[in-house]
Amino acid sequence: MEWGLYKKIVKDAVDFGIEKIQLHFQGEPLLYKRFPDMVKEAKKYGLSTQVFTNGLPLTEKKADEIILAGLDSLRFSVDGASQETYELNRVGGEFKKVYRNMAMMVDRAKKRKSSIDLLWQFIALSNNEHEIEKAKKLAKTINIPFFVKTFAESVPGLTPRNPKFRRKLHVKPCTDIYRSTFVYYTGEVVVCCYDLEGQHVVGDLKEQSLIEVWNSEKYKTMRTHINNADQNPEDEPEICKNCLKWTHKDYLPQAVSLIDGEKRLTSDLNGANDLV
Ligand SMILES: C[S@@+](CC[C@H](N)C(=O)[O-])C[C@H]1O[C@@H](n2cnc3c(N)ncnc32)[C@H](O)[C@@H]1O
Ligand code: SF4
């Protein structure tokens, strides 16, 4: 993202009244050279800052810069506990390297007496659920908090077999669209992080303020179509039709029965704040 545009977006977010900014979307934020500056800029306005990373590009230097910049929360996305499983979900990734990087980050944070919140997030899938206990132990060894994020029960092939790792779907209409908004590196705005390819761009922060975009006709129309998904399914945006989080009420009984009676993992606690 062009630096001037980033500064403008942060200012827009503050004017809007936003309190928390997540410095990633679908890309890898640690590849951005000025990532620590992005954190500093947001902290200047008192925003809470969080980032999700695959953890692979982290170096000691970057870790120190990020900590000094004042990042509040960093989540490592590591969905495996061996090379064999990890690379099924992160093609070309090296498990040993990311594990070393997590340990290094914990160590750097401790040395600098930082209060940064570090977390190993493990998305449970059918191809990695057998490694959850091993991952938990590995996390304990390096002293990083660990949590299992449940995965939608509606995706054949990827859904974990163990019902306690399946995410309970919520009944539409979706309310996530009222608590977050997403900006591409170009400044284009979409209403949901599932809009991976910008199918429903509702504004452009290069030309508009965030307040203008939020109140625009395009955004309002998207809200109406999402709100009325049950009554007017033909107007429901494409991205919502296979949503991993919200479902039509007619599909729900089946979804609920899959998790009934199961004690939920910690992911529900965290899940309340997760957007996906
Ligand atoms: C798309 S990534 C982008 C940030 C960073 N590159 C990373 O790997 O965390 C953001 C989050 O989405 C999760 N994620 C990736 N693909 C997903 C999928 N198909 N379904 C649900 N979550 C997914 C990742 O594990 C990560 O926690
Ligand atoms: S894809 Fe899902 S989370 Fe996103 S707006 Fe649609 S219903 Fe909401």
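Modeller: By class, the shell around ligand 1 holds three nonpolar, six polar and one charged residues, where Ala, Val, Leu, Ile, Met, Phe, Trp, Tyr, Cys and Pro count as nonpolar, Asp, Glu, Lys and Arg as charged, and the others, Gly among them, as polar. This is a predicted model, in which local features need pLDDT of at least 70 and side-chain atom pairs count only at pLDDT 80 or more, while totals for chains, interfaces and linings use all residues. Residues are numbered from 1 along each chain as its sequence is written, and chains are lettered from A and ligands numbered from 1 in the order in which they are written.

Ten residues surround ligand 1, and the closest are H24, E28, F52, N54 and S77; a residue is near a molecule if its C-beta atom, placed from the backbone, lies within 6 Å of it. Two or more residues of the shell come from each of β2 (48-53) and β4 (117-123), strands being DSSP runs of E with at least two residues and helices runs of H or I with at least four, numbered from the N terminus.

As for the backbone, K113, in the loop between α5 (95-111) and β4, has a positive phi near 50 degrees. K113 counts as exposed because it has 7 C-beta neighbours inside 10 Å, the cut-off for exposed being 12 or fewer other C-beta atoms within 10 Å, with C-beta atoms placed from the backbone. N143 lies in the loop between α6 (132-142) and β5 (146-149), and its phi is near 65 degrees. A cis peptide bond, with omega about 15 degrees, joins K172 and P173.

Note on methods:
Buried ≥ 20, exposed ≤ 12 C-beta atoms within 10 Å, placed from the backbone.
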